[in-house]
Amino acid sequence: TNDGVRVRCLTAWRHPNIQFTQSLYITPHKISSNFTRLFNFFNSKFLRLILLTKNIIISKTSLGGAIVEITLVRAGISDAEIIWNMQKQAFAEMLEKYRDYDTSPAAEPLSKTQHRLSQPFTYFYFICADGVIVGAIRVVDKKDGSRKILSPLFILPEYRNRGFATSAIEEAEKIHGDNGWELDTVLQETATCRLYEKSGYKPTGEQKVVNPNLTLTFYKK
């Protein structure tokens, strides 16, 4: 509007961790000059506006000139089957390609997802774009000074190549800290390796051969 900016957290789909629809109305005289400049930048292609709530991280990001709202929503044990089915769909193509039945998330039983969600140090989030679930990200954060682990991170096939994975990494790091991380990924998946490298992750040089077609490579940040 002419005298302020209205930011709305939209809950287009039902989830037990989303219990409200909240509007924030901010007028220029109530915010600092730095924020005034930020909001004046609202129509810029590269705007990223972050709002924090108890369970929801909201990020405004650019996609082809349009502003897309990226959210991370904390999942609970009751969401295990949803995440498991999403995971199978997201990794099905790689499972077919590499035949890594002992390591692929697409081949894991539901009980493994349930076990992860029951761990006190596991933080599993749905990745949403404008209220639509597009993927998920899991963070292992024991909060004891040990390195945090990012595994798995996946975007459903129909939502890939839109920057959602990068945004999810950035928002996870805003919650859990931007250093002291580790992860592994498939060496042969060069686009995925570039994604992590552009997000600041450095290869450790450690690699693990899973089968003749697939090698895991390890990263730290």
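Helices here are DSSP runs of H or I with at least four residues, and strands are E runs of at least two. On that count, this protein has 5 helices and 11 strands. Keep in mind that it's a predicted model.

**Overall numbers**
- There are 221 residues in the protein, and 43% of them count as buried.
- Take the contacts between residues at least 6 apart in sequence: 55% of them join residues at least 24 apart.

**The nonpolar cores**
- The largest nonpolar core has 25 residues, and the ones with the most contacts inside it are Ile127, Ile137, Leu150, Leu153 and Tyr201.
- Strands S5 (66–74), S6, S7, S8 and S9 (181–186) each give two or more residues to this core, as do helices H4 (164–176) and H5 (190–198).
- H4 gives the most, with 5 residues.
- Apart from this core lies another one, of 16 residues, including Met86, Ala90, Phe91 and Leu156.
- Leaving aside neighbours within four places in sequence, Leu153 is in contact with Phe91, Ile127, Ala136, Ile137, Ala165, Ala168, Ile169 and Tyr196.

**Helix H3**
- Thr113, Arg116 and Leu117 are the buried residues of H3, which runs over residues 110–118.
- These residues cover an arc of only 95 degrees around the axis, so they sit on the same side of H3.
- As a general point, an α-helix has 3.6 residues a turn, so residues three or four places apart point the same way.
- The cover over the buried residues of H3 includes helix H2 (80–98) and strands S6 (122–129), S7 (132–140) and S8 (148–155).

Key
Residues numbered from 1 in each chain as written. Predicted model: local features only at pLDDT ≥ 70, side-chain atom pairs only at ≥ 80, totals over all residues. Heavy atoms only, no water. Buried < 20%, exposed > 50% of the residue type's maximum accessible area, 1.4 Å probe, protein only. Arc of directions from axis to C-beta. Contact = heavy atoms within 4.5 Å. Core = buried A, V, L, I, M, F, W, Y, C linked by side-chain atoms within 4.5 Å.
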